[in-house]
Structures are given as structure tokens and as C-alpha cells.
Amino acid sequence: MNLYEQLAFDIERRIADGVLRVGDRLPSVRSACKSQRLSPSTILKAYYLLESRGLIEARPQSGYYVRPRLLTGLPEPEITRPAGAATKLEVSDFIFEILESVKDPSVVPLGSSFASPDLYPLDKLGRFLAAAARHMNPRATVTDLPPGNEELRRQIALRYLSRGASLQPSEIVITNGAMEALNLCLEATTSPGDLVAIESPTFHASLQMIERRGLRAIEIPTHPRTGVSLGALEEALRHHPVKACLLMLNFQNPMGSLVPDDSRKALIALLRRHAVPLIEDDTYAELYFGREAPLATKALDSDGLVLHVSGFSKCLAPGYRVGWVAAGRFAQKIQRLKFSASLATTIPVQIAIAVFLKQGAFDTHLRRLRSALEMQEVQMATALDRHFPPGTRITRPRGGYFMWVALPDDVDALALHRDALDAGISIAPGPLFSAKQAYRNCIRLNFGHPWSESVEAAVMKLGQLIKR
């Protein structure tokens, strides 16, 4: 972010949090220059930006003030209530049809599953990768076979340790992205025909994995802010032969929910009583807003029942396809499955990321990335507040880059998806995230791209299409 964008974001966050209220006067340009140690032009550009977003207004010979909002703020969606019966999945054709639509680079990617590549240090990573390829020890072609490069697994173990989870590098298996890790986890814990508990709505790739393995899914009600319902999950475990739970506890895709610490502890205790493994898809954990990372679930895992999956695609290196699983008691089985599935993850890429982590550049990058995403979340919520009709409900995630939007009941998300594509905008319609293709009035929006006039115009156009 530029200096003026950072200042505008800080003020925008204070307005959103209620620190600055309607009618409050902002510091004069002169006093802001002194307190912020910025130039008058930087202060004015920040104020002009906030004014263009409708957050402040200039009063002649008086200064800038927080202006009244057009709306009082869009409310939060209610907890989901999926049907409790187990489902045999037939979703892949539908999902592929939707996903094909987001590949066009001319389309505004509000339906994309990826953040903007401009937010990642790809040039710097490219230099690390070139060096790794030039200087790779030929023996690495053997020594870095599964479970993977030793230094990379050590660096990952150190990151677990910083969050209170003590893991041996031998428990970590490097994979071709988190997707391969999740597939291996399902293969290690289930057999065709078994039942897997999932959130509702859930990440569409999870539905595809379950379908491909010939498994059945039982959808568990999920709160848009606090995540999976423990009461409903306990009922499912009591009455159904659930073999594994596939859940996202941190900034769940698509809703953005975050399971609180107390609920997380209760979840682990519940699964321990039923001896059911938890496959945790945790690819967004590093993208938290604020100062504190979420509680690490592996820190609570005394029985090795948590198979913790993450990767670098969302937080550092999109396109490099490096993920891992800290697999607990299933580590050896997954290591052998990895051998038979794909033999190894690209070795120079493993080495490059290991060196990047070792040199300490990762945390510096993450601070910038989190700050950018937090600003873009506020900008998206503000735009939805401005342009979407009454009756709209939105989530306000504290991490990741997805926002779940429940539209008025008479809106058909699939029809909206088609109309939006005709207007050069992609969205992710709610049925994409349901085993039963529910949530037909819901959409998922991606705020992982820097705010621009084209993104603002796309949100405004979506609002017009919804009203029409």
C-alpha cells in the first residue's frame, strides 16, 4: 500500500470499529502532518480517498467529518440448517461448469478462489528458486523423497512451535499442495462408502474429493462467525457411523468463520471420545487480521487424531504447489500413500521455500499481506453496504479473503451468476458449496484483489442486477 492508502485504511478501520463516529471531526491537514509525519499532499490524498468512498465529507472552512452512512450496516447471516441425511455426491459436473467461468482474465474475479498474485513476493521467490535449481545437490533427488526436504519440514515444525504445538519433523509429509494432502488424508482414514462429516456450506473441492473416493457426506450446521455447530456434530456422531471429519476451523471457505478457542477445545475432546480423526484444512490460518494468530489445533492433539493440512499457495507462493500434512498417528501411512500417488513434490521448489523461510523473510511478507487483505475486507463490506439492496446479509471475517453474502430470498444465485458473467463479473454461487446444491440465494465474494475502480464498479453492477 502507498502511504496515503495506509492512512485511509487506518481511518476507515477506526470508523468501522466505532472509534470515530458520525459527526466526529478528523484532524486538520496541518495537525495530521505533525502527528503522522506525512506530507500535506499525502494527508489530502487519504482524505480524498475516504471522501470518494462516502465515509467522510468536507465542510467549507471547517474541515473533514465522518458522514452518516446510507445504511446502518448489513447484518450477519443466520446459522445454516442443512438436511441431516447422508448424501451420495454427484457435484463434479456442476462445479467444473462454474469454475470454467472464472478463468477469463478479462472478467472481474469476485468469484475466484485465489487472491491477487500482486500481493505475493513472486520475483523474490523466483530468485530463490533459480538458485535452488542451480545449486541443488544431486543426492537431493533421493534424500528429499517423501516425507520431503528435511530443512523445509524443520522450518514448518518451527512455525508450529511458535504457536504452541510441538511436532517432530518426521510427522510432517510434504505434498503437491494442500489438495493432495487432503486427498491422502481421506484415503488414510476412510474406505469407499464411508461417511464423512463436513460443514455446510463447505469448500467445493472437499465435495469433489469425497465424491471421487466414493464416500458419503453428512452436512453439519455452521455459524457464519463461530463455525461448525458442536451440538449438531455430536448428534451426528451419536447416530451415524462417521469415519472422519473434514473441517476448516480458521477462516472457513466460503463463510470466513473462525471457531473460538473454547469451542475448539470442546471439538477435540468430542472427537477423542468418539475416536474420530479430524482432517483440518487450515490453508488460511496465516491470513489472520489483528495481532494474534488463532489457537493451533495441533497444540490440543494429544492422541494424534488431528491430521493438520496446510500449504504455501494462499499465504506465500501461489502456483508453486507446496503443501503438507502433520498427520499424527497416520504419518507413516500417508508417507507411503504419497509415494504411490505421486512419488515426490518438486525438489527445487521445496529447497527454495525452505531457504526463504530460514532467512526470515516470510513474516515480513505476511504482515504486509494481512494488512492489505484487512483493508480490502473493509472496502468490500463498505461497497456492499452502499450498493446491495435491503435484506442482504454479509459475514465480516477476521481473516482469509472470502465473504459470504445471503441475498434476499427471491434472488436466484445461479441466474445472477449468468447475468454477472454477461457483464464481465464472476461470482461463486451458493449451490457450489453444498452437497445438495442448497444456498440458492447466497454467493461467495473474493476480496483478495486490491481495490480499484473496476472492482467498485463490479460491486455496483452486481447490486443493480440483484435489484433488477
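Me: How do the residues lining the largest pocket divide into nonpolar, polar and charged?

Reply: The lining has 18 nonpolar, 10 polar and 6 charged residues. Nonpolar here covers Ala, Val, Leu, Ile, Met, Phe, Trp, Tyr, Cys and Pro; charged covers Asp, Glu, Lys and Arg; the others, Gly among them, are polar. The model is predicted: local features need pLDDT of at least 70, side-chain atom pairs count only at pLDDT 80 or more, and totals for chains, interfaces and linings use all residues. Residues are numbered from 1 along each chain as its sequence is written, and side-chain values use heavy atoms, with hydrogens and water left out.

Me: What counts as a pocket, and what are its lining residues?

Reply: Rolling a probe the size of a water molecule over the atoms shows where empty space is left. On a 1 Å grid over the protein atoms alone, a pocket is an open set of points where a 1.4 Å probe fits, with protein on both sides within 12 Å along at least five of seven lines; lining residues have an atom within 4 Å of a point. Of the 34 lining residues here, Ser112, Ser113, Phe114, His204 and Lys314 lie nearest the centre of the largest pocket.

Me: Where does the largest pocket lie?

Reply: Domain 2 (90-118 + 366-467) and domain 3 (120-362) both contribute to its lining, so the largest pocket lies between them. The domain bounds come from an automatic or database domain assignment.

Me: With which residues is alanine 232 in contact, neighbours within four places in sequence aside?

Reply: Contact means heavy atoms within 4.5 Å. Alanine 232 touches Ile220 and Pro221 in this way. The C-alpha atoms of alanine 232 and threonine 222 are separated by 9.0 Å.
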